[in-house]
Amino acid sequence: MKILVLNGSPKKKSDTFKLTNAFLKGLKQHGEHTINIINVIDKNIAPCRGCFGCWEKADGHCVISDDQNEILDLYRMADLIIWSFPLYCYGMPSHLKAVLDRTIPLIKMTMRQEADGSVCHEPMVDFSKIHTLVICGCGFPEWDGNFDSLRKMCRLCFGKHNIVCVPEAPLLNEAEAASVANSLLKNFEKAGEEYAATMTLSKETIERLETPMISKEEYIKGVNRE
Ligand SMILES: Cc1cc2nc3c(=O)[nH]c(=O)nc-3n(C[C@H](O)[C@H](O)[C@H](O)COP(=O)(O)O)c2cc1C
């Protein structure tokens, strides 16, 4: 597989990327893969100007000449795109959102209505051949609603692909939490193997990956140093 990993954490020691790395380790156990990891924070990617120059040119590239066009080339060739990032204000970090906004050169201005009444743009590339996986870590313990807006946005932007939302992610870089963190990392590795074999993750696997490492009460006490 050709795999493009968009790492949206601005940190050198990303909590979320530990999970993604474990997943990649599992993936590599089945088949030959070319893996391109882009640390988005190190790239020069301007915000979208909203000029729709890409739709006038219609060559699948953006009119701004910065690092985004290289990402678009990898994007359209990928079999699997992994978006790995921390939850920021219930969404994705702004530098990664700029990458997402600037994927519009891959769609056309023309619109179509779907059977369910929703409306979308005609694609320029065959998105049905590109698998997407979202791995998002966050700093809160699990509570209803924390990931709602992100999940909704991912569904609308990426369609019915796998989204894995992990609470309490800072525990992954906490020495005291090593035993619970390591078992989660093992589960991510197994999930990578499952993905390589089936190109998806079962509901049960996603539930396992999203299960909090410790209880909400214990986590809050730890954060508050009580
Ligand atoms: C600007 C900013 C906004 C954040 N917003 C949220 C949030 O909405 N919900 C949440 O649970 N955690 C939030 N966090 C916490 C991060 O998601 C958390 O620290 C995560 O583990 C960082 O992952 P990383 O090490 O991969 O970058 C925020 C952190 C920052 C710096």
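Which residues make a nonpolar surface patch of about 310 Å²?

## Surface patch

In this predicted model, the patch is formed by Tyr90, Phe140 and Trp143. One of these residues, Phe140, sits in the loop that runs between strand E6 (131–137) and helix H5 (148–158). Phe140 has a relative accessibility of 44%, and it therefore counts as partly exposed, since that class lies between the limits of 20% and 50%.

## Ligand surroundings

The ligand has 17 residues around it, and those that come nearest are Ser9, Lys11, Ser14, Asp15 and Thr16. Sorted by class, the shell consists of nine nonpolar, six polar and two charged residues.

For Gly139, a polar backbone atom lies 3.1 Å from a nitrogen atom of the ligand. The ligand taken alone exposes 650 Å², and 75% of that is buried by the protein.

## Thr205 in helix H7

Helix H7 covers residues 203–210 and includes Thr205. Is Thr205 buried or exposed? Its relative accessibility is 5%, so Thr205 counts as buried, the limit for that class being under 20%. The Thr205 side chain is in polar contact with the side chain of Glu194, at 2.6 Å.

Methods
Residues numbered from 1 in each chain as written. Predicted model: local features only at pLDDT ≥ 70, side-chain atom pairs only at ≥ 80, totals over all residues. Heavy atoms only, no water. Patch = residues over 30% accessible without salt bridge, like charges linked within 9 Å, V, L, I, M, F, W, Y side chains within 5 Å. Areas by Shrake-Rupley, 256 points an atom, 1.4 Å probe, with all protein chains shown as cover. Salt bridge = Lys/Arg side-chain N within 4 Å of Asp/Glu carboxyl O. Helix = DSSP H or I, 4+ residues; strand = E, 2+ residues; numbered from the N terminus. Buried < 20%, exposed > 50% of the residue type's maximum accessible area, 1.4 Å probe, protein only. Near = heavy atom within 4 Å. Polar contact = N/O pair within 3.5 Å; in protein donor to acceptor, adjacent residues only side chain to side chain. Nonpolar A, V, L, I, M, F, W, Y, C, P; charged D, E, K, R; others polar.
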